[in-house]
Amino acid sequence: MPKTKFQSFIFTLMMVFVMVYVMTVYAISLKMGGLSYVCFGLAIKEMWIEFVIVFVLIYFIVTRLAMKLARRIIDPVKNPPVFMTLAIQCFTVCLIEPAITLIATFLHNGFTADWLIQWLTQAVLCFPMAFFFQIFFAGPFVRLIFRTIFKKQLA
């Protein structure tokens with residue numbers, strides 16, 4: 001969807017912000033035993049280290065790898081563009097979610113003897129939320145906002 005490096009940068013910033021914020025709210029609500037208004041404020045305070053890490057990983061590594069993997073299973077000439085978009089989204093979540101839950105495990109719990117169990121537990125709890133939120137909510141929402149902002153340039 002983005003046509004220039006600047007557009008790609010802005011699109012990635014928007015997508016990463018939405019996903020990291022929502023996943024931080026989700027992780028906090030899991031720790032607190034449920035969703036409350038406090039989770040939304042805490043998420044804004046706690047999300048920034050993960051935001052920077054995810055942005056760097058997505059912008060410089062994961063997007064290219066996800067596109068490469070998507071091209072292996074989807075032929076953009078024979079299939080509608082939505083299939084390529086969905087494949088890229090799926091591969092992006094499959095690549096970034098284990099990495100960021102591992103990093104978050106070390107950031108929030110330190111290097112303990114239980115790091116593997118903590119990471120696997122967090123990864124298993126967060127993957128379905130990240131996957132379905134990306135496919136059905138964040139992806140369409142951010143693309144709509146992006147198309148609205150860059151309407152003239154994309155025409």
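Colleague: Which residues of H3 are buried?

Modeller: In H3, Glu50, Phe51, Val54, Phe55, Ile58, Val62, Ala66 and Ala70 are buried. Buried means under 20% relative accessible area, exposed over 50%, and partly exposed in between (1.4 Å probe, protein chains only). This is a predicted model: local features need pLDDT of at least 70, side-chain atom pairs count only at pLDDT 80 or more, and totals for chains, interfaces and linings use all residues. Residues are numbered from 1 along each chain as its sequence is written, and side-chain values use heavy atoms, with hydrogens and water left out.

Colleague: What do the buried residues of H3 pack against?

Modeller: Helix H1 (5-32), helix H2 (37-46) and helix H4 (81-109). Contact means heavy atoms within 4.5 Å. Helices are DSSP runs (H or I, at least four residues), numbered from the N terminus.

Colleague: Where does helix H3 bend?

Modeller: Helix H3 (residues 48-73) bends by about 55 degrees at Ile58. The bend is the angle between axes fitted to the seven residues ending there and the seven starting there. Ile58 is also one of the buried residues of H3.

Colleague: How do you know that Cys39 is in no disulfide?

Modeller: A disulfide is a pair of cysteine sulfur atoms within 2.5 Å. For Cys39 the nearest cysteine sulfur, that of Cys126, is 13 Å away. For Cys94 the nearest is that of Cys90, at 6.5 Å, and Cys94 is in no disulfide either. The structure holds 0 disulfides.

Colleague: Why does Cys39 count as buried?

Modeller: Cys39 has 0% relative accessibility, so it counts as buried.

Colleague: And why is Cys94 called partly exposed?

Modeller: Because its relative accessibility is 39%.

Colleague: At what angle do the axes of H3 and H4 cross?

Modeller: At roughly 145 degrees, and the axes come within 8 Å. Axes are lines fitted to C-alpha atoms, for helices over the stretch in contact, and angles run from 0 to 180 degrees between N-to-C directions. By class, this contact of H3 with H4 has 22 nonpolar, 2 polar and 2 charged residues. Ala, Val, Leu, Ile, Met, Phe, Trp, Tyr, Cys and Pro count as nonpolar, Asp, Glu, Lys and Arg as charged, and the others, Gly among them, as polar.

Colleague: What makes Leu154 partly exposed?

Modeller: Leu154 has a relative accessible area of 23%, so it is partly exposed. Leu154 is found in helix H6 (residues 151-154). Leu154 and Lys3 are 151 residues apart in sequence, yet 7.4 Å apart in space, C-alpha to C-alpha.

Notes. Helix = DSSP H or I, 4+ residues; strand = E, 2+ residues; numbered from the N terminus.
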